[in-house]
Amino acid sequence: MNALLVLFDLVLLAGIVGVAWRCLASTDLFRAVVLFITFGLLLALAWVRLEAPDIALAEAAIGAGITGALLLVTLERLRSIMAERRSGRPHSPPPDPTGPHALLRALHDPLPEHRTFLPALSFALVVGGLLVTALWHQPQSVGLEPVVDAHMDVSGVDHPITAVLLNFRAYDTFLELAIVLIALLGAWSLGRHDLIPARPAPGPILPGTLRLLVPVAVVTGVYVLWAGSHAPGGAFQAGAILGAAGILLVLARPRQLPMAPAGPLRLGISAGVALFLLVGLYGLAAGHGFLGYAEAWAYPLIILIEVAATLSIALTLVALFVAGRPAGDDT
Amino acid sequence: MSLFYLAAALFLLGTILLGLVRVLRGPGSGDRMLAAQLFGTTGVTILLLLSLALEASALVDVALVFALLAVVAAVAFVRQHGLPEPPDTPIHRQPPDTPGPERHHDDR
Amino acid sequence: MIANALTVILILAGLVFFAAGTAGLLRFPDVYSRLHALTKADNVGLGLVILGLMFQAGGPADILKLLLIWVLVLAAGTTAAHMVAQRTWTHGEFESDR
């Protein structure tokens, strides 16, 4: 069993390194995208082998549902920019050196390999050396597992990861949610952006599949959220699943749909952080410290925060995918 | 039994690595997308086998999420129309064995 | 005991289909033939493995979850095969990626 496990890990490791290498070295952008999707799959298996099923679940939702679609749609946009550049406009002004054209040129006319090999190798060696020296001096420690286990009865949930994320170290999760919100505000501050155009579905199969998949995705998202209290799962994973379902709808919608109204959209996107902050301030006022809960209230408060966070994460992911500010707000 | 599940998972991991040859070689983007789709199914199967081999029932949920979202990349793929095709483009260009000006030659 | 034997037999049969799917993906001459290789692994390979795993399931909820996974992969495989065939048919097999 152990020898076979080691063999499995070695094959998996070789696959991950090989796929990452070919993905970075590929000059064909589509091939690089497919290799990256495969990389995400192998990475999820690696998280499983590292006994981190929570992260494997998140990697499954993000890797299969979101990054692949995001990269493919980016490729679509890049190609239409290229087509514009190539077809006509011979006297157009010189392209912006920081714009997408420069990125395309850099991608399509890479430096010859002999000029990049030595710098790349020395950079990798320096970073690798730093990592090794940093990890070499890790003191022998059993980690925080015994401490967490000893306090599970006051956490309000039965899954240690959720207990850490939403009770013992809730401010980490609070700041992570704030970062997700700030990322969206950053994307919106770049200005308005044309939505990817609606395309009529090629044949009846895609609409049929959507009718099956989207309800199942909603149920699965709620299930993963609920499972977080006693098993791997929780707000980030559930939000990623619901967000992927929304992205699927954006990608496959056969005709233009009205944009979400700006007010409720902003409310939903900020609900997670806002509610988390309110609960935290309440804990401060009630004498449990910032983001502390009374023991009897821990479970309902955690569920409340997780529901709001799931909604916000799902909406934020779809909004980041669509990019650009909501229509009808020109402040 | 768990030894058998692990051996089966290892075998499937091997088929993924073999199938990568199709991703690297192409030649069309459809071939690469198909390979990715097959990897997704194989990955779901590996996760199910590992859930029994490692006695971690949560892996079934990971497999469920992969199965649920397996179609997203393919939908994004069929959307992207790439360059507008010139009107005289035949449906099939020349086969991959005759090197044409449009083909890539970065299969090092 | 019989359940274990059935599991082993069914999983082995499923693995054969996965191997055949990969071989087809590598050996078949064009994208339309390769579509067939893919759908065999999806429908039958995963189906047989899941059927085998059902004998080890802890209860009806686990069995239903396994069934759901199979149905979802079937839907994804069917849709993806259709998408790829559609796109190849309208845009050609060897389009320029640049």
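Helix H12 of chain A, which covers residues 262-285, has 24 residues and reaches 33 Å from its first C-alpha to its last, close to the 34 Å expected at 1.5 Å a residue. The expected span is 1.5 Å times one less than the number of residues, and helices here are DSSP runs of H or I with at least four residues, numbered from the N terminus. This is a predicted model, in which local features need pLDDT of at least 70 and side-chain atom pairs count only at pLDDT 80 or more, while totals for chains, interfaces and linings use all residues. Residues are numbered from 1 along each chain as its sequence is written, chains are lettered from A and ligands numbered from 1 in the order in which they are written, and side-chain values use heavy atoms, with hydrogens and water left out.

H12(A) bends by about 50° at A:Ala271, the bend being the angle between axes fitted to the seven residues ending there and the seven starting there. After H12(A) comes A:Gly287, whose phi is positive, near 90°.

Several residues of H12(A) are buried, among them A:Leu265, A:Ile269, A:Gly272, A:Val273 and A:Phe276; buried means under 20% relative accessible area, exposed over 50%, and partly exposed in between, with a 1.4 Å probe and protein chains only. The buried residues of H12(A) pack against helices H8 (160-168), H9 (170-189) and H13 (298-322) of chain A.

Two packed helices are described by the angle between their axes and the distance between the axes. H9(A) and H12(A) pack at an angle of about 155°, with their axes 9 Å apart, and they are therefore roughly antiparallel to each other, a term for angles over 145 degrees, whereas those under 35 count as roughly parallel, 65 to 115 as roughly perpendicular and the rest as oblique. Where the two helices meet, the residues of H9(A) include A:Phe174, A:Leu181 and A:Trp188, and those of H12(A) include A:Ile269, A:Val273 and A:Leu277.

Elsewhere in chain A, A:Ala245 is placed in helix H11, residues 235-252, and is buried, with a relative accessible area of 7%. A:Ala245 and A:Leu213 are 32 residues apart in sequence and 8.0 Å apart in space, C-alpha to C-alpha.

In chain B, B:Leu59 lies in helix H3, residues 58-79, and counts as buried at 2% relative accessibility. Leaving aside its neighbours within four places in sequence, B:Leu59 is in contact, meaning heavy atoms within 4.5 Å, with A:Val48, A:Pro53, B:Leu47, B:Leu50 and B:Ser51.

Methods: Axes are lines fitted to C-alpha atoms, for helices over the stretch in contact, and angles run from 0 to 180 degrees between N-to-C directions.
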